[in-house]
Amino acid sequence: MVTKKIAVLFSGSGSNLEAILEKLHGKIFGDIKIEVVLTLTNKPNALGIQKAEKYGLTSVVIDHKAFVSREEFDAKVVEVIKKSGAELTVLAGFMRVLTPVFCEQIKAINLHPSLLPLFKGAHAIDESFASDMQVGGVSVHLVSAELDGGKIIAQEAFAREGKTRDEWEAKIHEIEHEILPRTIVKILKGEI
Ligand code: GRF
């Protein structure tokens, strides 16, 4: 049995962090056991902090406002991740643009609420809903220095079927909570 350590970075409500903790933390998948060794946020009031507490995890808060440049913030985050021993870092609603300081040192994946390469950026749910596309979806991709631009490693689509804006968003989150944990397991098992 090999223990695989992961770090989860978040900025907001942390529903994807919670899905990861519920489905993966301390769980065994064949010959690997997964441990979330670090939960980290850039927002001192992120609701995800309380979600991590339920699993006995005290989150590290690194407030980006305390740094003069993106690079300095990234360097601090990299230092903490390296110290944690995590081999994979998961961005689960981590709303920061990352520089090469991070991307060149940390193996990371990001969750994005659209079918990339469409609707990059922070307004993907609204923009995809407002489009005339008959499908919406969710992507998981490797993190690169280009915002929402790294190699796509998992995707799932759903049909519009007259969904309201709320139903559209709810469907996205429902898929996110499945696709992200599933993809993490595949990576840690060497299947991706
Ligand atoms: C998700 O929709 C994710 O795709 C986006 O930010 C949101 C995070 O939600 N990048 P939560 O904080 O995990 O609830």
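Which backbone nitrogen does the side chain of Ser-11 reach at 2.8 Å? I looked this up and found that of Met-95. I note that this is a predicted model, in which local features need pLDDT of at least 70 and side-chain atom pairs count only at pLDDT 80 or more, whereas totals for chains, interfaces and linings use all residues. Residues are numbered from 1 along each chain as its sequence is written, and side-chain values use heavy atoms, with hydrogens and water left out.

**Entry on Ser-11**

I placed Ser-11 in the loop between β1 (2-10) and α1, with helices (H or I, at least four residues) and strands (E, at least two) taken as DSSP runs numbered from the N terminus. Its side chain also makes a polar contact with the side chain of Asn-42, at 2.7 Å. A polar contact is a pair of N or O atoms within 3.5 Å; within protein, one must be able to donate a hydrogen and the other to accept it, and residues adjacent in sequence count only if both atoms are side-chain atoms. Ser-11 counts as buried because its relative accessible area is 8%, the cut-offs being under 20% for buried, over 50% for exposed and partly exposed in between, with a 1.4 Å probe and protein chains only.

**Entry on the ligand**

For the polar atoms, I found an oxygen atom of the ligand 2.5 Å from a polar side-chain atom of Ser-15, and an oxygen atom of the ligand 2.4 Å from an N or O atom in the side chain of Glu-176. A nitrogen atom of the ligand lies 3.3 Å from a backbone N or O atom of Leu-111. Of the 370 Å² of accessible area that the ligand has on its own, the protein covers 87%, as computed by the Shrake-Rupley method with a 1.4 Å probe.

**Entry on the helices and a neighbouring loop**

Going back to α1, I noted that Asn-16, Leu-17, Ala-19, Ile-20, Leu-21 and Leu-24 are buried, and that the helix is followed by Gly-26, whose phi is positive, near 75 degrees. In helix α6 I looked at Thr-183, which is buried because its relative accessible area is 4%; a polar atom of its side chain lies 2.6 Å from the backbone oxygen of Ile-179.

Where is Ala-46? I found Ala-46 in the loop between β3 (32-41) and α2 (48-53), and its C-alpha atom is separated by 6.2 Å from that of Ser-13, 33 residues apart along the chain. Ala-46 is buried, with a relative accessible area of 6%.

**Entry on backbone angles**

I recorded a cis peptide bond from Leu-116 to Pro-117, with omega near 10 degrees, and placed Pro-117 in the loop between β6 and α5 (124-130). Phe-119 is found in the loop between β6 and α5, and its phi is near 60 degrees, a positive value in a residue other than glycine. Asp-148, although not a glycine, has a positive phi of about 55 degrees; I found Asp-148 in the loop between β7 (135-142) and β8 (152-159), buried with a relative accessible area of 9%.
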